[in-house]
Amino acid sequence: MRYGKPLEAGRIFLTNGTQNVLFVLLSALAGRGGAILVEEMTYRQIREVAQLLGLNLISLALDDDGVLPEALEEACKAHSPKVLYCIPTVQNPRAMIMSEERRRSIALIAQNYGVAIIEDEAQGLIPVDAPAPFSAIAPEITWTVTGLSKCTLVGLRVAYVVAPSSSTLTSVMTPFESMAFWYTSAVSASVITQYIESGLAGSMLASIQAEAAKRQAMARKLLPSTMMRGANGLHVWMADPSRTGDQLAAEAARVGVLVRSGSEYAIDSNPLSSGVRISLADVSESDLSEALSRLSVALVR
Ligand SMILES: Cc1ncc(COP(=O)(O)O)c(C=O)c1O
């Protein structure tokens, strides 16, 4: 119960996955040519959405707790942005979970400057101890998008959205009323509802949580603790300030392991994006163990 209290039904709507609703929300909240704030490394497809909508992406520096409040305040003063898009729970690619204290500082600045927050909870249900979402801290400015692709069923392409209020939801979504691309099909909606009501979705989530915890423990055991900067959810971030992410990824490739360089997620071309994202999912446990062992030998100096 991360929201602290039951949510009013009128604030919740069901969409055809996260990507579609990000397109809708960003175009409605930021407007063509508007500025949106994003973490300096973030979900890669946000760049494509921004490009299609003609949005100006402004990157915010991160530390090990997520977006830096000073960076947010400075960007609000300089660019008068309308929206902050961020991934506070299991950041992509850096894997950190933003603390409650940091969430409160970020929310306060966003409230002061009239910035709406879109929080992408793609892996939000996986950590069992994540702090309350922005929707619980600053409900009047937050849109929380919880996709189920990673934490329940990939095939259904369903995401739940919590809007600031039912009236804001109506005014933002009315222009999209006759468009069919963003809402979920009746079949998917009915399947996910049955899964949730029967308890099946809950047990699938519990299995994913247990598997993720097992794989995180494996990563902590096999990868060097000096380089690991986050092992939450379904991926790990590994960094070494003396090498770029591209160098680390090339060294991993030499031992036959595919990892993604931080540069693939960077908003500005930042040669110092010194880390790699290592996925713990979509491989068998034995292949993962073998790959992590190879990485620990290849990447340690
Ligand atoms: C941060 C983030 N947001 C959204 C998505 C995609 O979500 P969906 O499948 O609901 O469109 C992903 C998938 O990788 C993701 O990592």
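View 1. An oxygen atom of the ligand lies 2.8 Å from a polar backbone atom of T18, a polar contact being a pair of N or O atoms within 3.5 Å. In D120 a polar side-chain atom is 2.6 Å from a nitrogen atom of the ligand, while in R157 a polar side-chain atom is 3.0 Å from an oxygen atom of the ligand. Taken alone, the ligand exposes 400 Å², of which the protein buries 86% (accessible areas by the Shrake-Rupley method with a 1.4 Å probe). The model is predicted, so that local features need pLDDT of at least 70 and side-chain atom pairs count only at pLDDT 80 or more, whereas totals for chains, interfaces and linings use all residues. Residues are numbered from 1 along each chain as its sequence is written, and side-chain values use heavy atoms, with hydrogens and water left out.

**View 2. The shell around the ligand.** The residues around the ligand, those with a heavy atom within 4 Å of it, are G17, T18, Q19, Y43, I87, N92, D120, A122, S149, K150 and R157. Sorted by class, this shell has 3 nonpolar, 5 polar and 3 charged residues, with Gly counted among the polar ones.

**View 3. An aromatic pair.** The structure holds 3 aromatic pairs, for which the ring centres of Phe, Tyr or Trp (its six-membered ring) must lie within 6.5 Å, with planes under 30 degrees apart counted as stacked, over 60 as edge-to-face and the rest as tilted. One of the pairs, F23 with F181, is edge-to-face, at 6.1 Å centre to centre and 85 degrees between the planes. F23 belongs to helix α1 (residues 18-30) and F181 to the loop between α6 (166-173) and α7 (186-198), so the pair links distant parts of the chain, 158 residues apart, where helices are DSSP runs (H or I) of at least four residues, numbered from the N terminus.

How values were computed: Polar contact = N/O pair within 3.5 Å; in protein donor to acceptor, adjacent residues only side chain to side chain. Helix = DSSP H or I, 4+ residues; strand = E, 2+ residues; numbered from the N terminus.
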